[in-house]
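Dear colleague,

I am passing on to you the structure below, together with a short account of what was found in it. Please read the notes alongside the sequence and the model.

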Amino acid sequence: MHAIDYVVTHTSRRSEDCAYGRALKPVTQIIALRKSKTKPNGKKPPAEEKKQYLEAEFTKVRVVDFDLKELVMLPREIDLNEWLASNTTTFFNLINLQYSTISEFCTGDTCQAMTACNTIYYWYDERGKKTKCTAPQYVDFVMSLVQKLVTDDDIFPTKYGKEFPNAFESLVKKICRYLFHVLAHLFWAHFKETVALDLQGHLNTLYAHFIVFIREFNLVDPKETCIMDDLSEILCAPAPPAPAAPSSPTSAPSPSSHNHVTER
Ligand SMILES: [Zn+2]
């Protein structure tokens with residue numbers, strides 16, 4: 001029924017036979033197939049005054065109904081850093097995969113800046129120089145950087161006995177902040193295409209899982225994530241909203257979120 005199997009099992013990163021690659025490969029092929037079948041028109045996403053992703057008919061769609069809080073809590077006998085590393089790597093893979101489903105619609109023309117709600121994200125290069133870039137460039141910077149970090153054995157050690165570096169937690173925070181930007185952009189600029197591919201359940205579930213995870217370990221400043229609080233409130237509620245609800249009051253645009261562009 002669903003195009004991607006939502007991967008929620010955390011396999012050991014220390015296993016030589018890494019599950020991610022194997023699990024994700026066939027999925028990508030399925031998406032490619034589905035894409036050619038139900039190809040959304042490649043039109044520019046309109047400036048979305050109304051947040052379609054807040055409508056009850058979409059927010060109720062999930063692919064799993066696990067208790068996400070229970071899912072992210074540190075299991076007894078598992079090292080905190082190991083748990084953070086495992087989850088961060090999983091989220092990186094899943095968010096990268098989710099973005100790849102709409103990447104052909106995220107171009108320098110359609111997304112001239114990395115936007116989410118009324119925020120524009122700027123990339124800061126290694127010297128700290130602020131750079132304006134298109135959304136696909138920004139996502140590429142994020143994914144390349146994260147890929148480099150999670151595969152660096154000095155930062156995300158995979159060999160038993162090798163210590164995590166002192167900067168590990170701050171790097172995890174940095175990664176999660178960037179991954180949040182990508183998720184926010186997916187909702188803000190590519191929700192229509194996600195719906196056309198029938199992948200909104202995956203996006204909702206992935207987002208809710210991610211938010212519950214970063215909240216559990218205080219990984220991203222709430223000031224950073226507040227632009228999406230309206231959605232987080234709905235999706236991270238313990239029980240999904242009743243399907244019969246006539247119209248959700250939260251589907252109205254937040255009054256504070258208009259006519260104000262934030263630069264980060
Ligand atoms: Zn885009």
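UniProt positions are given here in the numbering used for this structure, and such annotations may be inferred rather than shown by experiment. Please also bear in mind that the model is a predicted one.

The annotated site comes first. An unreviewed UniProt entry assigns the feature "binding site" to Cys106, Cys111, His185 and His190. These residues are spread over 85 residues of sequence, yet they cluster in space, with a largest C-alpha distance of 9.8 Å.

Two of them were examined further. Cys106 is located in the loop between α4 and β1 (114-116). Cys106 counts as buried because it has 22 C-beta neighbours inside 10 Å, the cut-off being 20 or more. Leaving aside residues up to four places away in sequence, Cys106 touches Cys111, Ala135, Pro136 and His190. His190, for its part, belongs to helix α6 (residues 168-196). With 26 other C-beta atoms within 10 Å, His190 is buried.

The second topic is a helix pair. Helix α4 (residues 80-102) packs with helix α7 (residues 200-216) at an angle of about 155°, and their axes are 11 Å apart. The angle therefore makes α4 roughly antiparallel to α7, since angles over 145 degrees count as such. The crossing of α4 past α7 is left-handed. On the α4 side, the contact is made by Asn87, Phe91, Leu94, Ile95 and Gln98; on the α7 side, it is made by His202, Leu203, Leu206, Phe210 and Phe213. By class, this contact of α4 with α7 has seven nonpolar and three polar residues, and no charged ones.

With kind regards

Technical notes
Residues are numbered from 1 along each chain as its sequence is written. This is a predicted model: local features need pLDDT of at least 70, side-chain atom pairs count only at pLDDT 80 or more; totals for chains, interfaces and linings use all residues. Axes are lines fitted to C-alpha atoms, for helices over the stretch in contact, and angles run from 0 to 180 degrees between N-to-C directions. Helices (H or I, at least four residues) and strands (E, at least two) are DSSP runs, numbered from the N terminus. Angles under 35 degrees count as roughly parallel, over 145 as roughly antiparallel, 65 to 115 as roughly perpendicular and the rest as oblique. A crossing is left-handed if the near helix is turned anticlockwise from the far one by less than a right angle, and right-handed if clockwise. Two residues are in contact if their C-beta atoms, placed from the backbone, lie within 7 Å. Ala, Val, Leu, Ile, Met, Phe, Trp, Tyr, Cys and Pro count as nonpolar, Asp, Glu, Lys and Arg as charged, and the others, Gly among them, as polar. A residue is buried if 20 or more other C-beta atoms lie within 10 Å of its own, exposed if 12 or fewer, and partly exposed in between; C-beta atoms are placed from the backbone.
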